[in-house]
Amino acid sequence: MDIIAKPLARRLIAVWTACLIAFLYIPIVCVFLVSFHKGRYFSFPFDDFTFDWYGKAFSSLQTQELFLISLKVAGVVTAISVVLALFGGLAFARFNWRGRTIFQHLLLLPIFFPQAVLGLALLIWLTYLGVLPSWQTAVFAHLVWIAPIATLVVSIQVYGYDAAQEEAAYDLGATRLQVLREITLPALSPGLVSGGLFAFLLSWGNFPLSFFTTGADSTVPEWLYTRMVAGYTPMVPTMGALIVVGAAAVLVAGYIFIVWRRRPIGG
Amino acid sequence: MSALAQRLAGFLHQPGFQAAVPVLILLLIGFFGPLVLVAVFSFMPARSFKLDGGPTLENYRFAFEQSYYLSLLRSFAFAAGTVAVLALVCYPVALGMAKLFGRYAGVLTLVMVLPLFVSENVRLFGWVLFLLKGGGVLAGAAKAVFGIELADMLYSNSATLMGLAYVYLPFMLFPMVLGLSMVSRDVVEAASDLGASRWQIMREIELPLALPGLLIGGLLTFVLSLGSLTESKVLGGSKVIMIAADIESAFTYGQNWPLGSALSVLLLVLAGGLVLVVLSKLNLDAILKRR
């Protein structure tokens with residue numbers, strides 16, 4: 001006897017799940033579809049397929065600049081997040097210390113927080129302190145939201161980590177640095193890679209925080225928004241498609257890396 | 001050294017605390033600092049950019065006189081609607097993921113997580129292309145295949161609600177899956193053997209045991225859609241104005257920091273109170289360890 005006994009109920013659940021997946025992918029498919037449309041004004045169905053807009057996107061200095069800034073922000077956010085998440089994850093899940101429950105709850109607050117309001121609060125904060133917004137301040141803004149998420153991802157790995165290995169290494173005379181390098185880091189590396197992947201992808205696609213904290217610099221999602229609201233060009237779907245391709249490439253690379261790392265250890 | 005200083009030194013020397021320091025510093029200067037500043041600004045005279053005015057409640061009064069509370073109510077209605085829609089839509093799928101799909105569940109999880117990594121703007125723009133009147137993908141296809149003209153669907157309350165449900169779907173679904181996978185098969189079987197109906201099993205076993213996951217999912221969805229900005233702007237157009245849009249225009253076009261701060265504080269106190277009440281009832285160790 002199973003939890004869902006009736007075959008009809010099972011089939012309905014399967015069909016409903018398929019519908020939901022279709023629902024999730026409809027807009028993404030639309031963006032790709034329209035990015036191949038030649039005309040200046042979009043109208044479906046169309047038969048004038050073209051790659052022109054991709055060529056223009058690659059050759060335009062402005063779009064190169066946009067992608068460069070997005071890449072810079074996401075890269076720096078990833079590097080810092082991984083380091084913060086390593087220590088944060090140990091504090092979250094490895095050590096038993098007074099104040100840990102409070103720390104766990106504090107860490108969740110920025111995740112449970114409306115990002116647009118956080119972005120605006122950071123804008124006021126930076127302006128008040130006299131810091132000129134630029135892509136560097138956007139890195140800081142992203143970190144406030146992304147480092148806690150990366151910490152949670154690493155924590156899940158830390159929960160499954162046997163700290164007795166560290167004790168054993170200390171007993172055998174290893175220094176603190178040696179333990180970190182030879183025991184802790186290798187054991188936690190899958191979690192750190194996943195945390196880094198989350199950090200990169202969330203930063204790469206982020207809009208509400210970037211919008212208020214980049215100042216004169218602009219990331220691709222910001223450009224998309226300003227062009228969607230006013231001044232539509234056929235480049236919008238193309239850039240949208242490109243940012244998706246970028247995210248997918250990073251995801252596939254990360255996945256391959258995780259599988260490749262697992263092989264020699266797992267046998 | 002006094003006893004208090006000794007206890008403080010003991011606290012600071014814990015390895016756990018020391019590991020937490022980097023993240024705590026980040027949160028202090030990047031999260032709590034800005035929030036305190038916004039809270040203080042909300043009591044400053046209108047349009048001031050310095051903190052030298054006397055404390056005043058005029059911004060809060062203004063917020064209620066100028067019908068800003070309507071946007072706040074609208075945001076709450078949208079957030080509640082999003083949670084309700086997603087609870088109904090996600091429950092069967094979560095049940096399937098937790099209990100039915102077995103080894104396919106992993107692949108399905110991946111398929112459903114992927115859109116989360118596509119910029120929200122791209123996905124909302126995709127919906128605009130899909131729903132656009134006349135030449136949109138849906139309307140164009142309906143006309144070409146069936147020869148029917150579809151009514152305008154964009155720029156309305158329902159389009160906004162759909163956008164919110166779309167964007168925050170994973171935030172409801174995955175905690176729900178986590179919660180439902182905490183329901184042991186044996187308990188359900190026992191209830192079933194004792195003659196419980198499917199409805200009774202759901203109401204008296206599944207829902208109470210899966211409660212932590214359901215609460216986290218509902219809370220995340222509620223708070224995030226409460227403070228959402230782009231969904232209503234892109235899919236609701238100028239007709240649907242939510243509180244985050246009011247806060248944005250007060251801070252930017254209006255150049256009235258104290259008003260924007262007061263509106264933020266109203267939103268945050270209501271949302272934050274809810275979060276703290278629910279979080280205090282949850283044991284995070286128990287939830288995350290299950291995975």
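Q: How many helices and how many strands does chain B have?
A: This is a predicted model, and its secondary structure is assigned from runs of residues along each chain. In chain B no strands are found, and the count of helices is 15.

Q: Which elements make up chain A, from the N terminus on?
A: Chain A has zero strands, and its order of elements, read from the N terminus, is α-α-α-α-α-α-α-α-α-α-α. The number of helices in chain A is 11.

Q: What radius of gyration does chain B have, beside that of a compact globule of 291 residues?
A: Along its principal axes, the C-alpha trace of chain B spans about 65 × 60 × 30 Å. A compact globule of 291 residues would have a radius of gyration near 19 Å, whereas the value for chain B is 24 Å.

Q: What box do the C-alpha atoms of chain A fill, and what share of the residues of chain A count as buried?
A: Taken along the principal axes, the box filled by the C-alpha atoms of chain A is roughly 70 × 65 × 35 Å. Of the 267 residues in chain A, the share that count as buried is 44%.

Q: Among contacts in chain B between residues at least 6 apart in sequence, what share join residues at least 24 apart?
A: Chain B has 291 residues, and buried ones make up 44% of them. When the contacts of chain B between residues at least 6 apart in sequence are taken, the part that joins residues at least 24 apart is 72%. For chain A, the corresponding value is 78%.

Q: Which helix gives the largest share of the side of chain B that touches chain A?
A: The contact between the chains takes 75 residues from chain A and 76 residues from chain B. By class, the side belonging to chain B has 51 nonpolar, 17 polar and eight charged residues. The largest share of that side, 17 residues, comes from residues 15-41 of chain B, which form helix H2.

Q: Which residues does Phe87(A) contact, leaving aside its neighbours within four places in sequence?
A: Phe87(A) is found in helix H3 of chain A, which takes in residues 61-94, and its C-alpha atom lies 9.6 Å from that of Ser155(A), a residue 68 places apart from it in sequence. Because Phe87(A) has 18 C-beta neighbours inside 10 Å, it counts as partly exposed. Once its neighbours within four places in sequence are set aside, the residues in contact with Phe87(A) are Ala19(B) and Pro22(B).

Q: How are H11(B) and H14(B) oriented to each other, roughly parallel or roughly antiparallel?
A: Helix H11 (residues 211-226) and helix H14 (residues 257-279) of chain B pack with their axes 11 Å apart, at an angle of about 170°. The contact between them has nine nonpolar residues and no polar or charged ones, among them Leu215(B) and Leu219(B) of H11(B) and Leu267(B) and Ala271(B) of H14(B). Since angles over 145 degrees fall in this class, H11(B) and H14(B) are therefore roughly antiparallel.

Q: Where is Arg47(B) found, and does it count as buried or exposed?
A: Although Arg47(B) is not a glycine, it has a positive phi of about 60°. Its place is the loop between H2 and helix H3 (58-65) of chain B. Because Arg47(B) has 12 C-beta neighbours inside 10 Å, it counts as exposed.

Q: What is the phi of Gln255(B), a residue other than glycine?
A: Gln255(B) lies in the loop between helix H13 (243-251) and H14 of chain B, and with 12 C-beta neighbours inside 10 Å it counts as exposed. Its phi is positive, near 45°.

Q: Which residues does Thr56(B) touch, not counting residues up to four places away in sequence?
A: Thr56(B) lies in the loop between H2 and H3 of chain B, and it is partly exposed because 15 other C-beta atoms are within 10 Å. Apart from residues up to four places away in sequence, Thr56(B) touches Phe43(B) and Pro45(B).

How values were computed:
Residues numbered from 1 in each chain as written. Chains lettered and ligands numbered in written order. Predicted model: local features only at pLDDT ≥ 70, side-chain atom pairs only at ≥ 80, totals over all residues. Contact = placed C-beta atoms within 7 Å. Helix = DSSP H or I, 4+ residues; strand = E, 2+ residues; numbered from the N terminus. Nonpolar A, V, L, I, M, F, W, Y, C, P; charged D, E, K, R; others polar. Rg over C-alpha atoms; globule rule 2.2 N^0.38 Å. Buried ≥ 20, exposed ≤ 12 C-beta atoms within 10 Å, placed from the backbone. Axes fitted to C-alpha atoms, helices over the stretch in contact; angles between N-to-C directions. Parallel < 35°, antiparallel > 145°, perpendicular 65-115°, else oblique.
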